[in-house]
Amino acid sequence: MPPKKAVEAPTNNVVAFGRVKSNLKMGCVGLPNVGKSSLFNLMTEQNAAAENYPFCTIEPNEARCIVPDPRYDFLCKIWNPPSKYPAYLQVTDIAGLIKGASEGAGLGNAFLSHIQAVDGMYHIVRAFDNDEVLHVDDSVDPVRDLDTIQSELCKKDLDILAKAKIAEEAIVRKAGGKFKMLPLFDETTAKIKELLEQDKPVRDGEWTTPEIELINEKLRLITTKPVIYLINLTMKDYIRQKCKYLPKIAEWVKAHGGQGSDIIPFSVEFEEKLWSLKDDKPALDAFMADIKVQSRLGKITTEGFTKLGLQYYFTAGEKEIRCWPIKQGTLAPQAAGVIHGDFERGFIKAEVVAYQDFHDLCNGEKSMGPIKAAGKYRQEGKTYVVKDGDIVHFQFNVAPPKKK
C-alpha cells in the first residue's frame, strides 16, 4: 500500500486570501457616524460629505492617497528627476452598517456588496461619548459595535456561501450526472459554514493551500479580508494617550483572532486640527510644542498597504523616480511585468541593489560606482523574489515579429 500523502500544514492566510493584483483597495467600514468619511477626507484630501446624521454616505466614494516613505523622499532628493511617482493606496468610503443590514435593515445588502468589492477593511470604531454626535444605537459601546459589524459580515457570508452551493449544484445537475460535487468543495464549505454560524470570520480558520485556492476561485467572502481596527478618540484622549474604552477593545480584538498591531488609536478631531493649521506654520508649531503624539494618517496608510500584502520596488534615474507596487513574494519577471508586459516576456535579468545598501554607500551621489565597488550591486535571475525597497533595473529582449 502506498504511503498516505502528507497533509499540508495550515498556512498564514491573511495575505494568501484575495486577489493576486497590485491595485488592491482598503474600505472604510463601521457603524454610521463613527468618523469614516471624515477620516477618508483627511487621508485622501477629498471633500466627501461627512455630516452628523446616519447614512450621510450613500454611494461609496473612492480615491487614493500617497503611501509616505522616507526612502522614496531620499531617492527623489538624490536624483531630483522631472518625474516623481510615489506608491498610492486605493481607499473606498463605504456607508455605515447597522444591526440587521444583512436582512435589509438600514441601507441593507447593497452596502455589504460594496464591502465585498474591496480587498481589506479599515474598521473604524468610535470610542468617545459626545451627545452632539449622534450614535445609531443612542449610546456608545465599542464592544457591542464590534460585535454588530462582525455578526452582519458573517451573516452576509453565509448568504454568499448558500448561493455559491446552489450554483455549484446546478452545474452538477446540468452535467447530467457525469461528475459529482468535488469533495474538497463540500468539506471546505462545511468548515466555512460552521465558523460563520458562530460569528467567526473565515480568515480566523486554519486552511490548507488547496482550500484557500478554492475559496479564492469559487467564493468572494467578506470575512476573508484582512482588517485594521482604527479607534477614533477625542483629541483630549489621544493627546494624553488614555481612553477608558481601549482595554476592552484590545481584549475583543485579541479574542477574535487579531493582534495588538491590528489596532491603531487615532483622533479625527486631532487630525482635523492639524489640517486646519497646515498653512500656518507658527500656529502649528505652537500647537504641537508640548504634544508628544503625532498624526497617525501616515501610519494608517502604510499599515493598510502592508496589510493587503503589498510592497514596492523602486526604479531610479535621471528621468524618473517611481515606486512599483507588487504583491509580496513576486518573482523578478512578474515584477518587471508591472512596468510593461514586454519586460516580463523578454526578461533576461534584474540588476538589483537593496535600498539600505544604496543609502549607506552612495555618499549622497547618483552613481552606482561605490555600491558596485562594495559588491552590493547584484544580478538576479527568474527565480529571484523581489524585496520591498529594492532598487531595480531590468534587462529584457523581445524579438520583433518575423516578416512574412
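Me: Which residues line the second largest cavity, and which element gives the most to the lining of that cavity?
Reply: This is a predicted model, and the second largest cavity in it holds about 30 Å³ of space. Its lining is made up of Gly30, Leu31, Val34, His123, Ile124, Val125, Arg126, Asp145 and Ile149. The one that gives the most, with 4 residues, is β5.

Me: How do the residues of the lining of the second largest cavity divide by class?
Reply: The classes here are nonpolar, polar and charged, and Gly is counted as polar. Sorted in this way, the lining of the second largest cavity has 5 nonpolar, 2 polar and 2 charged residues.

Me: How many cavities of 30 Å³ or more are found, and what is the volume of the largest cavity?
Reply: The search covers the whole structure and finds 2 cavities of 30 Å³ or more. For the largest cavity, the volume is about 90 Å³.

Me: Which element supplies the largest share of the lining of the largest cavity?
Reply: The lining consists of Val29, Met121, His123, Ile149, Gln150, Leu153, Pro201, Arg203, Thr223, Val227, Tyr229 and Trp252. By class, 8 of these residues are nonpolar, 3 polar and 1 charged. At least two lining residues come from each of β5 (120-126), α5 (142-174) and β6 (227-232). The largest share, 3 residues, comes from α5.

Me: Are α6 and α7 roughly parallel or roughly perpendicular to each other?
Reply: Helix α6 spans residues 183-197 and helix α7 spans residues 209-218; they pack with their axes 10 Å apart, at an angle of about 85°. Angles of 65 to 115 degrees count as roughly perpendicular. The two helices, α6 and α7, are therefore roughly perpendicular.

Me: Which residues make the contact of α6 with α7, and what are their classes?
Reply: From α6 the contact uses Leu184, Phe185, Thr188, Lys191 and Ile192, while α7 brings Pro210, Glu211, Leu214, Ile215 and Lys218. Divided by class, the contact has 6 nonpolar, 1 polar and 3 charged residues.

Me: How many residues of helix α2 are buried?
Reply: Buried means under 20% relative accessible area. In α2, the buried residues are Lys36, Ser37, Ser38, Leu39, Phe40, Asn41, Leu42, Met43 and Thr44. The helix is mostly covered, and the number of its residues that are buried is 9 of 9.

Me: Which residue follows α2, and what is its phi?
Reply: Most residues other than glycine have a negative phi. The residue that follows α2 has a positive phi, near 60°, and is Glu45.

Me: Is Asn33 buried or exposed?
Reply: Asn33 is placed in the loop between β1 and α2, and its phi is positive, near 60°. Under 20% relative accessible area counts as buried. Asn33 has 14% relative accessibility, so it is buried.

Me: Is Asn363 buried or exposed?
Reply: Asn363 lies in the loop between α15 (355-361) and α16 (369-373). Although Asn363 is not a glycine, its phi is positive, about 60°. The cut-off for exposed is over 50%. Asn363 has 63% relative accessibility, so it counts as exposed.

Me: What separates the C-alpha atoms of Arg19 and Lys327?
Reply: Arg19 is in the loop between α1 (13-16) and β1 (25-29), and is partly exposed at a relative accessible area of 34%. Not counting residues up to four places away in sequence, Arg19 touches Leu24, Asp119 and Lys327. Along the chain Arg19 and Lys327 are 308 residues apart, but the separation of their C-alpha atoms is 9.7 Å.

Me: Which residues is Glu320 in contact with, leaving aside neighbours within four places in sequence?
Reply: Glu320 lies in strand β9, residues 320-327. At 26% relative accessibility, Glu320 counts as partly exposed. Its C-alpha atom is 8.6 Å from that of Cys76, 244 residues apart along the chain. The contacts of Glu320 are Pro81, Ser83 and Thr315.

Me: What percentage of the residues in the protein chain is buried?
Reply: The protein chain has 16 helices and 12 strands. Of its 404 residues, the buried part is 46%.

Methods: Residues numbered from 1 in each chain as written. Predicted model: local features only at pLDDT ≥ 70, side-chain atom pairs only at ≥ 80, totals over all residues. Heavy atoms only, no water. Axes fitted to C-alpha atoms, helices over the stretch in contact; angles between N-to-C directions. Parallel < 35°, antiparallel > 145°, perpendicular 65-115°, else oblique. Contact = heavy atoms within 4.5 Å. 1 Å grid on protein atoms, 1.4 Å probe; cavity = no way out; pocket = protein on both sides within 12 Å on 5 of 7 lines; lining within 4 Å. Points joined across faces, edges and corners; volume = space filled by probe spheres on them. Buried < 20%, exposed > 50% of the residue type's maximum accessible area, 1.4 Å probe, protein only.
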